[in-house]
Amino acid sequence: MMISERALNFAIKTYEELNHENNNILHSMTVGDILKYHGFDDNVVAAGYLHDLPYNSSYSIDDISKLFGGDIASLLLTFADSKKIDQKSQIKNVQNLQVRNKAVIVADLIAQLDEYMIFPHKADYPKNQAYFEEMHDNLKHDDY
């Protein structure tokens, strides 16, 4: 079994056990599937499936490292670090990341945009439009 399949199964099981409003499995599946569709390596896809677990479960990035390896944990750490700073700083920092790290962040944003279209009552897209566009432009420069 590929590591991304293991990660997806792990995420599904973890979110089933959480059984509360933070059950983001559909979002996590979308992020991983976006990365898979665009041909990223299996570890990047796995990171997409796992990216929100450190926020929504009792699993830390260290736990993920022990279960899935340091490469996936480092991708999650970059994602986590990007969430700790304001949007302008995120845009600047993402410019200097490797494509693999950048991709997890941007796939998360794409999945959020899809959710805004499906659930317009949650949409704070208008106030974040410039942010989403600049983050997308950062990835376009890397031919993705």
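# Notebook: salt bridges, rings and core

Entry 1: I started at Asp 71, which is partly exposed with a relative accessible area of 29%. My scale for this: buried is under 20% relative accessible area, exposed is over 50%, and partly exposed is in between, with a 1.4 Å probe and protein chains only. The model is predicted, and local features need pLDDT of at least 70, side-chain atom pairs count only at pLDDT 80 or more, while totals for chains, interfaces and linings use all residues. Residues are numbered from 1 along each chain as its sequence is written, and side-chain values use heavy atoms, with hydrogens and water left out.

What does Asp 71 form a salt bridge with? I found Arg 100, with the closest N and O atoms 2.6 Å apart. Asp 71 is in helix 6 and Arg 100 in helix 8, so this pair ties together parts 29 residues apart in sequence. For the term itself, I take a side-chain nitrogen of Lys or Arg within 4 Å of a carboxyl oxygen of Asp or Glu. Helices are DSSP runs of H or I with at least four residues, strands are E runs of at least two, and both are numbered from the N terminus.

**Entry 2: the rest of the salt bridges.** I count three salt bridges by that rule. Arg 100 turns up again, this time with Asp 41, where the closest N and O atoms are 2.8 Å apart. This pair links distant parts of the chain, as Asp 41 sits in the loop between helix 2 and helix 3 while Arg 100 is in helix 8, 59 residues away. I get a relative accessible area of 34% for Asp 41, so I call it partly exposed. Arg 100 comes out at 23%, which also means partly exposed. I noted Asp 41, Asp 71 and Arg 100 down as a linked network of salt bridges.

The other bridge I looked up joins Lys 13 and Glu 17, closest N and O atoms 3.7 Å apart.

**Entry 3: rings.** Next I checked aromatic pairs: rings of Phe, Tyr and Trp (its six-membered ring) with centres within 6.5 Å, called stacked if the planes are under 30 degrees apart, edge-to-face if over 60, and tilted for the rest. That gives me two pairs. Phe 10 and Tyr 59 are edge-to-face, at 4.8 Å centre to centre and 65° between the planes. Phe 10 is in helix 1 and Tyr 59 in the loop between helix 4 (53-56) and helix 5, so the pair ties together parts 49 residues apart in sequence. Is Phe 10 buried or exposed? Its relative accessible area is 16%, so I put Phe 10 down as buried. Tyr 59, at 25%, counts as partly exposed.

Phe 10 also pairs with Phe 68, again edge-to-face, with 5.4 Å centre to centre and 70° between the planes. This pair, too, links distant parts of the chain: helix 1 for Phe 10 and helix 5 for Phe 68, 58 residues apart. Phe 68 is buried, with a relative accessible area of 9%. I wrote Phe 10, Tyr 59 and Phe 68 up as one aromatic cluster.

**Entry 4: the core.** I used nonpolar core for a set of buried Ala, Val, Leu, Ile, Met, Phe, Trp, Tyr and Cys residues joined through side-chain atoms within 4.5 Å. The largest such core has 33 residues, and Leu 35, Leu 50, Leu 53, Ile 64, Phe 68, Ile 72 and Leu 76 touch the most other members. Helix 1 (3-18), helix 2, helix 3 (42-50), helix 5 (61-68), helix 6 (70-83) and helix 8 (99-118) each supply at least two residues of this core.

Leaving out residues up to four places away in sequence, Leu 35 touches Phe 40, Val 44, Val 45, Gly 48, Ala 103, Val 104 and Ala 107.

**Entry 5: Ser 28.** Ser 28 is in helix 2 (residues 25-37). At 1% relative accessibility, I count Ser 28 as buried. Beyond its neighbours within four places in sequence, Ser 28 contacts Tyr 15, Gly 48, Tyr 49, His 51 and Asp 52. I also checked the C-alpha atoms of Ser 28 and His 51, which are 7.0 Å apart although 23 residues separate them along the chain.

**Entry 6: whole protein.** I find nine helices and zero strands. Buried residues are 42% of the 144. Of the contacts with a separation of 6 or more, 65% come from residues 24 or more positions apart.

Conventions:
Contact = heavy atoms within 4.5 Å.
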